[in-house]
Amino acid sequence: LNRMREALNACTKGQVSQSALIQQWRHGAASLPLPEKFGLVLGDLLDRMEASALFSEESCSFSHGDLLDSLALWLDKAELRLANAT
């Protein structure tokens, strides 16, 4: 989770591309012992992020900032879930 948060922070600052973030998150999340619903939600968010990369400007359908915020929220919930599981 730490690497996923680092990648998210770097992407928010423009230091890492969205495609690199998506790749790292898909790889990182695959090894996490989380319930299936976490994977479904994350998959949807990452799919929308991939689609948003087709747009250079913010659009009403795909807001890069909102998607990054949603990933941060997912990460917070995943951390909480894993902390409570121990």
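**Helix α2 and its neighbours**

Modeller: In this predicted model, helix α2 passes helix α3 in a left-handed crossing. The contact is formed by Gln18, Leu21, Ile22, Trp25, Arg26 and Ala29 on the α2 side, and by Leu42, Gly43, Leu46, Asp47, Met49, Glu50 and Ser52 on the α3 side.

Colleague: At what angle do the axes of α2 and α3 cross?

Modeller: They cross at roughly 165 degrees, and the two axes come within 10 Å. That angle makes α2 roughly antiparallel to α3, because angles over 145 degrees count as such.

Colleague: Why give both an angle and a distance for two packed helices?

Modeller: Those are the two quantities by which packed helices are described: the angle between the axes and the distance between the axes.

Colleague: How many residues does α2 have, and what does it reach from its first C-alpha to its last?

Modeller: Helix α2 covers residues 18-30, which is 13 residues. From its first C-alpha to its last it reaches 18 Å, close to the 18 Å expected at 1.5 Å a residue.

Colleague: Which residues of α2 are buried?

Modeller: The buried residues of α2 are Gln18, Leu21, Ile22, Trp25, Gly28 and Ala29. Viewed down the axis of α2, they fall within an arc of 140 degrees, so they line one face of the helix.

Colleague: And which are exposed on the other side of α2?

Modeller: On that side, Ser19, Gln23, His27 and Ala30 are exposed.

Colleague: What covers the buried residues of α2?

Modeller: The cover includes α1 (2-12), α3 (36-52) and α4 (64-85).

Colleague: Turning to α3, how many residues does it have, and which of them are buried?

Modeller: Helix α3 has 17 residues and reaches 24 Å between its first and last C-alpha, close to the 24 Å expected at 1.5 Å a residue. Its buried residues are Phe38, Leu42, Gly43, Leu45, Leu46, Met49 and Ser52. What covers them includes α2 and α4.

Colleague: A change of topic: where is Leu82, and is it buried or exposed?

Modeller: Leu82 lies in helix α4. It counts as buried because its relative accessibility is 19%, and the cut-off for buried is under 20%.

Colleague: Which residues is Leu82 in contact with, leaving aside its neighbours within four places in sequence?

Modeller: With those neighbours left aside, Leu82 is in contact with Leu1, Leu32, Pro33 and Leu34. Leu1 is 81 residues away from Leu82 along the chain, and the C-alpha atoms of the two are separated by 10.0 Å.

Technical notes
Residues numbered from 1 in each chain as written. Predicted model: local features only at pLDDT ≥ 70, side-chain atom pairs only at ≥ 80, totals over all residues. Heavy atoms only, no water. Helix = DSSP H or I, 4+ residues; strand = E, 2+ residues; numbered from the N terminus. Expected span 1.5 Å × (residues − 1). Buried < 20%, exposed > 50% of the residue type's maximum accessible area, 1.4 Å probe, protein only. Arc of directions from axis to C-beta. Contact = heavy atoms within 4.5 Å. Axes fitted to C-alpha atoms, helices over the stretch in contact; angles between N-to-C directions. Parallel < 35°, antiparallel > 145°, perpendicular 65-115°, else oblique. Left-handed = near helix turned anticlockwise from the far one by under 90°.
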